[in-house]
Amino acid sequence: MVELLLNTNISFYIGIFVQWGFLMAFLYSLASSINSADKSIVWLSFIMVLSYSSSMFIDMDAITYFDFFLFDIITLFVIILSGFFIKISSVYIYLLFGLGINTSLFFAMYIDNDVMHHYEFWWFWWVYIVGINFTDLTMVLVFFIGKDVLKLTWLEGKLNKVFNKRAY
């Protein structure tokens, strides 16, 4: 089972499925917002399509976890910058949350493999496998359903109220 999950061919197909999901999310948001003035979801999905499709031009056998970490940092930075120009929505919050988790997991795997030189399977690798795939699929799903499935927007609103009360 471990060899199946860590196989580069399997991860390649999962990556292709996620790329396809973001492409379909972009096309869906583009078609859904034709008569709408708010194009924020279109821009966010376009950023994600560009980010995830850039991996088509990368040799997956030669890339490191640190490279994935850098790609996600750049994507996270672009999405944060886009927050100044678009309407903040639950999709925006989910992208920040998902990319934040992915970035953390990529950096932790970089430390585990390249710094600590752990090459045998242990429990953290399960966290990595499940975490990366869960956040990627959640980000794609939120584009289509547009709902706060994990209650992150609700939690963000509650945290804003708590911190705004303390600021006064």
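Let's start with the residues of helix H3 that are buried: Ser40, Val42, Leu44, Ser45, Ile47, Met48, Val49, Ser51, Tyr52 and Ser53. Please keep in mind that we are looking at a predicted model. With 10 of its 14 residues buried, H3 is largely enclosed by the rest of the structure.

How far apart are the end C-alpha atoms of H3? They are 20 Å apart, and that agrees with the 20 Å that 14 residues should span at 1.5 Å a residue.

Now, who meets H3? Let me bring in helix H4, residues 65-82, alongside H3, residues 40-53. In general, we describe two packed helices by the angle between their axes and the distance between the axes. For H3 and H4, the axes come within 11 Å and cross at roughly 165 degrees. An angle over 145 degrees counts as roughly antiparallel, so that is how H3 runs relative to H4. As for handedness, H3 passes H4 in a right-handed crossing. On the H3 side, look for Leu44, Ile47, Met48 and Ser51; they meet Thr75, Val78, Ile79 and Ser82 of H4. That contact is made up of five nonpolar residues, three polar and no charged.

Helix H5 covers residues 90-115 and helix H6 covers residues 123-145. Their axes come within 9 Å, crossing at roughly 160 degrees, and H5 and H6 are therefore roughly antiparallel to each other. Is their crossing left-handed or right-handed? For H5 and H6, the crossing is left-handed. The contact of H5 with H6 has 17 nonpolar residues, along with seven polar and two charged.

Notes: Residues numbered from 1 in each chain as written. Predicted model: local features only at pLDDT ≥ 70, side-chain atom pairs only at ≥ 80, totals over all residues. Heavy atoms only, no water. Axes fitted to C-alpha atoms, helices over the stretch in contact; angles between N-to-C directions. Helix = DSSP H or I, 4+ residues; strand = E, 2+ residues; numbered from the N terminus. Parallel < 35°, antiparallel > 145°, perpendicular 65-115°, else oblique. Left-handed = near helix turned anticlockwise from the far one by under 90°. Contact = heavy atoms within 4.5 Å. Nonpolar A, V, L, I, M, F, W, Y, C, P; charged D, E, K, R; others polar. Expected span 1.5 Å × (residues − 1). Buried < 20%, exposed > 50% of the residue type's maximum accessible area, 1.4 Å probe, protein only.
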